[in-house]
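Please keep the sequence and the coordinates in view while reading.

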Amino acid sequence: MTIAERLAEIQGRIQNAREKSLYGQEVTLLAVSKGHDGAAIETALTAGHRVFAENRVQEANGKFPALREKYPGLSLHLIGPLQTNKVKEAVALFDVIHSVDRASLAEKLAVEMEKQNRRLPCFIQVNTGEETQKAGVLPKDLPGLLRLCRDQKLNVIGLMCIPPVNETPSVHFAFLKKLADEHNLPQLSMGMSGDFETAVRFGATHVRVGSAIFGERDYSGATSPL
Ligand SMILES: *Cc1c(COP(=O)(O)O)cnc(C)c1O
């Protein structure tokens, strides 16, 4: 299948999953283009797709400024961990941030957004599996971080999670949905190539799909998984 055919097929599967969802939510397909070059991204753009996601600021900065010039309406989401020394670059480049996970980052983002006069919608990443190696705020620390974000006037629209690889994802999706409801957050960023239909059934509004659209990634270069 071509990239255009895969995009169409995945959109169809998202619609089917939406019909089984209890929530009837709108779902945005984020095409995760990390590990793929500008030519692959341009194939998706030519097919009419406009919403992309990358997990590294530097890699995204090497590919997207040129594409933005050529394809108006392109929207770029950051889904990977953000170091505070990359905040300035990230605020200038991305349209949505999915990986706010600590107070120091939230404060830096708020200051930089004010400076650049770009108030990007943000998701807070929750470490639902409480894995030590994984980014994300622990569920017990979410209320405090949310309070701080609101004090800083950060535009938090929802929650994001990456379930542990060896656990049933639906348990984590249901948990994230419950946390979002408790805090009146309408958006949920969850679901990847292997589980996006399940995520939609559990209320995802943003699914992050990479390999099912672009094929396997090449990790011989600087790009690392997650
Ligand atoms: C790479 C990545 C994805 C996409 O993964 P696939 O399995 O290729 O669909 C989704 N979310 C995050 C945070 C990622 O880093």
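The discussion treats cysteines and then a pair of helices. This is a predicted model, in which local features need pLDDT of at least 70, side-chain atom pairs count only at pLDDT 80 or more, and totals for chains, interfaces and linings use all residues. Residues are numbered from 1 along each chain as its sequence is written, and side-chain values use heavy atoms, with hydrogens and water left out.

Q: How many disulfides does a search of the whole structure find?
A: A disulfide is a pair of cysteine sulfur atoms within 2.5 Å. The sulfur of Cys149 lies 7.4 Å from its closest cysteine sulfur, in Cys122, which is too far for a bond. Cys161 is in no disulfide either, its nearest cysteine sulfur, that of Cys149, being 17 Å away. The number found in the whole structure is zero.

Q: Is Cys161 buried or exposed?
A: Buried means under 20% relative accessible area, exposed over 50%, and partly exposed in between (1.4 Å probe, protein chains only). The relative accessible area of Cys161 is 0%. Cys161 is therefore buried.

Q: Which residues in H6 does H5 meet?
A: Helices are DSSP runs (H or I, at least four residues), numbered from the N terminus; H5 covers residues 103–116 and H6 residues 142–151. Contact means heavy atoms within 4.5 Å. From H5, the residues involved are Ala103, Ala106 and Glu107. Their partners in H6 are Leu145, Leu148 and Cys149.

Conventions. Axes are lines fitted to C-alpha atoms, for helices over the stretch in contact, and angles run from 0 to 180 degrees between N-to-C directions. Helices (H or I, at least four residues) and strands (E, at least two) are DSSP runs, numbered from the N terminus.
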